[in-house]
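User: Can you walk me through this one? I'd like to start with a helix and then move on to the ligand.

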Amino acid sequence: MIRSELEDIVGPEDISQSPVDKLAHAVDYYWVAELWHDRGQKTPQADFIVYPQTTQEVSRILKIANTYKIPVTPWGGGSGSQGGALPVCGGIVMDMKKICVLHEVNKTAMTVTVDTGINMQQLEWELEKKGGSTMHLPASITCATLGGFIAHRGTGVLSTKYGKIEDMIISMEVVLPDGRIINTLPVPRHASGPDLNQVFLGSEGTLGVVTRATLKIHPIPEVRKFQAFLFPDLRQGLEAGKNIMCKRLRPCVIRLYDEAETQRLIKRVLGIDRQGAYLVFGFDGDEDMVDLEMKSAVRLCDEMKGENLGTEMGQEWWNHRYKFFFPPYMFHMPQAFGTLDTVATFDKIGNVYTAMKKTIETNFPEATYIGHFSHWYDWGCMLYARFIIDNPPADPHEALALYNRIWNLALRASMENGGVLNEHHGIGLKLGRLMKELHGEAFFALEAIKKSLDPNNIMNPGKMGLGIN
Amino acid sequence: MKTQNKDCNATIDACRYCFMCRHACTSGLVTATESNTPRGRALALFNVREQHTAYDPSLTETIYNCTLCGACKQWCEGKFDMPALVIATREKIASNGQPPAWARTIRQSLLQQQDFSQQDLPEKKADVLFYLGVQPHPRAGEILKHFSKIMSAAGIPFQTFKREPDHGKILQLLGYVDDAKKNASILHAQISKTSCSVVVTPDILACLALKNEFPSWGLALEPKIKVFHVSEYLLQLAQQKKIQLKKETRTVTLADSELASDPQGPAAAARQLLRLTAGDCFRELPKPENLVLATGEAAFGMEVDCRPVANLKETLEKRIAAAARQAGAEKIIMLSPRTAASPSCDGIPRQDILEWFAELI
Ligand SMILES: Cc1cc2nc3c(=O)[nH]c(=O)nc-3n(C[C@H](O)[C@H](O)[C@H](O)COP(=O)(O)OP(=O)(O)OC[C@H]3O[C@@H](n4cnc5c(N)ncnc54)[C@H](O)[C@@H]3O)c2cc1C
Ligand code: SF4
Ligand code: SF4
């Protein structure tokens, strides 16, 4: 009966219960889902995969789900690393990829209005043809959807200048759990009550389905130039990066790799085999402005005793920036690994790095800790730390227990030193248990919003620490 | 049914953790489904390999929905060969008689005519054998006329079969390797009887079969017989000034074949030929999309219309046409009559390279 009601909305081609579709929606980029699949354990499967093509269809599906109290998990590209798109309570997986129309490129306002199921790379290509770009260029640009980035407050490689996705959104259309379709205000800066965009940004499909968004676009810059430095010590690199930001220069990229990652990944991908901390930065825009800013940033790095590796070594990094994420460069099974991305103010970020490193290296001698600092703000920066275990226990339950222990200890070390649970990958299934610890009393406000918008808890239950009822 | 092939295993192991070519995958984009992407396929094939699950009709469908366009391989940093994995899997599926109905229908039609004899051989002998390779084709007669026009302008006689055996490539791509070899051996025998020294074919699949699969199936043609795709042969004629050509004045572009990207192969020859005759009027399709354009040799080769994937042909055509428009091309040249069966590609005229060349005489 449920199937025929859903079929009535989307048509028989856009609903599936086939084993191969259920499997494809039962493993996302969450290491534990991959572990479960690898070890022949049953991964959580939906009862139905539905592919709505319009906002109206989303709305009608949610009305049915709300009536029968069927869990609904939105699915974009499945590239999320936190298990956010896994249908842990079964029910409906709503695959968003068929809602992908590019509605308008407004060259006067420099905005684009587009459905959220669009593949980010496809959107960029369309905009490029029109001479623009969202400048949202994450490593997963080829695999993720706009909706996924909105849901996780994602970030791209040029975020230091152009912002994270939450800085790029002008307005959104959202379908609430009861099927109601709402629009946020047409501009994101106003004094007409709280900004509703920010309620749904980062809500990971727990408050509704984001179906359409208007984003800023930017002209393609005249030039984009890069420069690389090598610092004998990570702290000097951190100081240099901080000085660039506090001088209010506007780099599009700063990325600083610790000594371990410089040895492990920069060497492997870029072929730079040097001891020290590799730093790359870039500026884009009109050439004379870029040259001026470049000069100033170079001077700040010189002052911190960085060795100038030149522009070529910086350009190389840019050219190969996605290569790090492809096999065989990327870690994968049987290795256990996790990205402990966090963010803190400049006065604290160094301590967060050291505290997590110490925690992992002392408690888990079998693990390697590496990290880089990307996504810099006026007040602080993001740490993209990772742990890697080459030979985790063969037993999946033991491996899972070890994995969770590492996360708990490392993230508590981060929080104790002024870090947060996550910067751009989200919470999902993976970190939900730590949400109350992070937010304290403030978590009540999140729970209250959830309860009032989704009293039946149909939207992505089990995620973000919001419980399963 | 364990997949033993080492390379295939590497692909299964890598792809099932990776999403990084999803934006390029033809079948993934057209169907907008997870299971029709390299990763979706690898996830399911891993389960089969590890004997967690068995083949089921939905997995079979996914494996046959792959267009073999190779866009994933082009994009993949590790150069994992998903098309090879798909073909290897189809072989396993076919050996168990489980391919989808549309594939079984194609097989039936390709196996129907196996009783070739002396009567099907060319009437007159000549050094050059023109092997159409795309029978049945709605414009087979016209294709032959174009080739005749070129050859008479060059003053070179040629022979052609009265009835052509199939080359086996389509059967191979569908996983029916034994049947493919059977058909290929008939063609091999018929070619040997013609005593030709040159085989020219306008069809990419036929060309690939004769050059690559025949030797690997133990059916290598006599060493004196050279095989050419028409673009390679026509390039020679043009370079040797055996024919006078008019200059092309319309802007033209070339839709590469995903199956013939070898830098020494037919696509490279076609490109050279177009540059030679069209000069500044030749336009390359824009990158980076050019990298991910499946022009459809593989998909059309398997009679794309028969496939249950809605809009596959239209989507492939739209992508090519959009890129051609961006390049400012008035005409799209295809490498094979198979992919130029209808004269327009989403509103832009298109021709196969043979017909285009004949018009310039
Ligand atoms: C190789 C690789 C590199 C990566 N690099 C980056 C990077 O550079 N920057 C970055 O930010 N992330 C990165 N990620 C992580 C991942 O790509 C992001 O988290 C992305 O936002 C997920 O998008 P998706 O479309 O795949 O979403 P999914 O994984 O399908 O879903 C993620 C969450 O969003 C929800 N959701 C999806 N669509 C909607 C919608 N329309 N409305 C409401 N909820 C929705 C889902 O329910 C789920 O909770 C990377 C991942 C991989 C595999
Ligand atoms: S072919 Fe390469 S890029 Fe594509 S999924 Fe497989 S490993 Fe990833
Ligand atoms: S060969 Fe083409 S259709 Fe097949 S998996 Fe690769 S990109 Fe997709």
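Predicted model: local features only at pLDDT ≥ 70, side-chain atom pairs only at ≥ 80, totals over all residues.

User: Which residues of α10(A) are buried?

Analyst: The buried ones are A:L234, A:Q236, A:G237, A:L238, A:A240, A:G241, A:N243, A:I244 and A:M245.

User: And what caps the N-terminal end of α10(A)?

Analyst: A:D233 does. One of its side-chain oxygens lies 2.9 Å from the backbone nitrogen of A:R235.

User: What follows α10(A)?

Analyst: A:R248 follows the helix, and its phi is positive, near 65°.

User: OK, new topic. Where does ligand 1 lie?

Analyst: Ligand 1 lies between chains A and B. It is surrounded by 34 residues. The closest are A:P74, A:G76, A:S79, A:S140 and A:T145.

User: Which polar backbone atoms come up there?

Analyst: A polar backbone atom of A:P74 is 2.6 Å from a ligand 1 oxygen. For A:G80, a backbone N or O atom lies 2.8 Å from an oxygen of ligand 1.

User: What about the side chain of A:N460?

Analyst: A polar side-chain atom of A:N460 lies 3.3 Å from an oxygen atom of ligand 1.

User: How much of ligand 1 does the protein cover?

Analyst: The protein covers 97% of the 970 Å² of accessible area that ligand 1 has on its own.

User: Which element gives the largest share of the shell?

Analyst: That is α6(A), with 5 residues.

User: And the shell by class?

Analyst: It has 14 nonpolar, 19 polar and 1 charged residues.

Notes
Residues numbered from 1 in each chain as written. Chains lettered and ligands numbered in written order. Heavy atoms only, no water. Buried < 20%, exposed > 50% of the residue type's maximum accessible area, 1.4 Å probe, protein only. Helix = DSSP H or I, 4+ residues; strand = E, 2+ residues; numbered from the N terminus. Polar contact = N/O pair within 3.5 Å; in protein donor to acceptor, adjacent residues only side chain to side chain. Near = heavy atom within 4 Å. Areas by Shrake-Rupley, 256 points an atom, 1.4 Å probe, with all protein chains shown as cover. Nonpolar A, V, L, I, M, F, W, Y, C, P; charged D, E, K, R; others polar.
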